[in-house]
Amino acid sequence: MSFLVKDCALIALAAGRHATNLGELKSILSTIPADSIYHHFWGGLLHPRFDDPEYRNDFAVWVQRELHDHVLAERLAIIDPAEFDDLEVLRTTLIDLIEERIEERELLNWLPAAAPFHFLRSRIVVFDSGLRAETPEDLYRLLPRLSSGCIFYHCIDARRRNADHLDDFSMWLRDFGEPCAELCGRLAEIDPYFGGLTQLKSQIEEAFASFYGGAAR
């Protein structure tokens, strides 16, 4: 079966909710649709920020910038959403960290933020890149040509779409059986979140190159 390379773009949409303090953020987090939480963790990869590069999710950025609470910002910043197959567990983790910080510093529950946190959600628009692979070697040759949107769709969004929470490359390679088992294992070791899409693409290329012995493409 051919691997059809898709590209994508994210369209950010207002969720119609905003928080003006940490207590409100915690309250809204308990009821906001899970796709909004997904957007605030993963959406920044496709539209990277440059002012707060050490904070990978929007919640950590807001707490640091608008509430000036570096302790909670750092706790939120180290959350790796790739470790959560269930967004509801990620939601609970967020709420637990906020509650823990409020217990340590109660005034944060109502202290007004310099600017509100606006909850967003996103719609993904998918389109055909025109690229095709018939074999794993074909895919290896195509990797340098893949855009950030391709990497996001096949390595990030795929984890929501696939029942096994795997990237599309691994799902496809599994059909080739034992010869590609080692390559699938190398891809599984890559963390898709903290390095950004450029680094993620490089790590995927390195996994393929290592598997194929660095053979010319």
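Let us start with Asp138: in which class does its relative accessibility place it, buried or exposed or partly exposed, and at what percentage?

Modeller: Asp138 counts as partly exposed, at 23% relative accessibility, where buried means under 20% relative accessible area, exposed means over 50% and partly exposed lies in between (1.4 Å probe, protein chains only). The model is a predicted one, in which local features need pLDDT of at least 70 and side-chain atom pairs count only at pLDDT 80 or more, while totals for chains, interfaces and linings use all residues. Residues are numbered from 1 along each chain as its sequence is written, and side-chain values use heavy atoms, with hydrogens and water left out.

The partner of Asp138 is Arg141, with which it forms a salt bridge whose closest N and O atoms are 3.3 Å apart; the term stands for a side-chain nitrogen of Lys or Arg within 4 Å of a carboxyl oxygen of Asp or Glu. Arg141 is likewise partly exposed, at 43%. The two residues are three apart in helix H6, so about one helical turn separates Arg141 from Asp138; helices here are DSSP runs of H or I with at least four residues, strands are E runs of at least two, and both are numbered from the N terminus.

The 16 residues of H10 (residues 196–211) should span 22 Å, and its end C-alpha atoms are 23 Å apart, which agrees; the expectation is 1.5 Å times one less than the number of residues. After H10 comes Gly213, with a positive phi near 70 degrees.

His165 has a positive phi of about 60 degrees although it is not a glycine, and it is partly exposed at 29%. Most residues other than glycine have a negative phi. His68 shows a positive phi too, near 60 degrees; its place is the loop between helix H3 (58–66) and H4, and at 53% it is exposed.

Arg75 and Glu104 meet in a salt bridge at 3.1 Å, N to O. Arg75 lies in helix H4 (residues 70–77) and Glu104 in helix H5 (residues 87–104), so the pair ties together parts that are 29 residues apart in sequence. Both ends are partly exposed, Arg75 at 25% and Glu104 at 44%. Arg161 pairs with Asp168 in a salt bridge, their closest N and O atoms being 2.8 Å apart; Arg161 is partly exposed at 36%, whereas Asp168 is buried at 12%. Elsewhere, salt bridges that share partners join Asp69, Arg75, Glu100, Arg101, Glu104 and Arg105 into one network.
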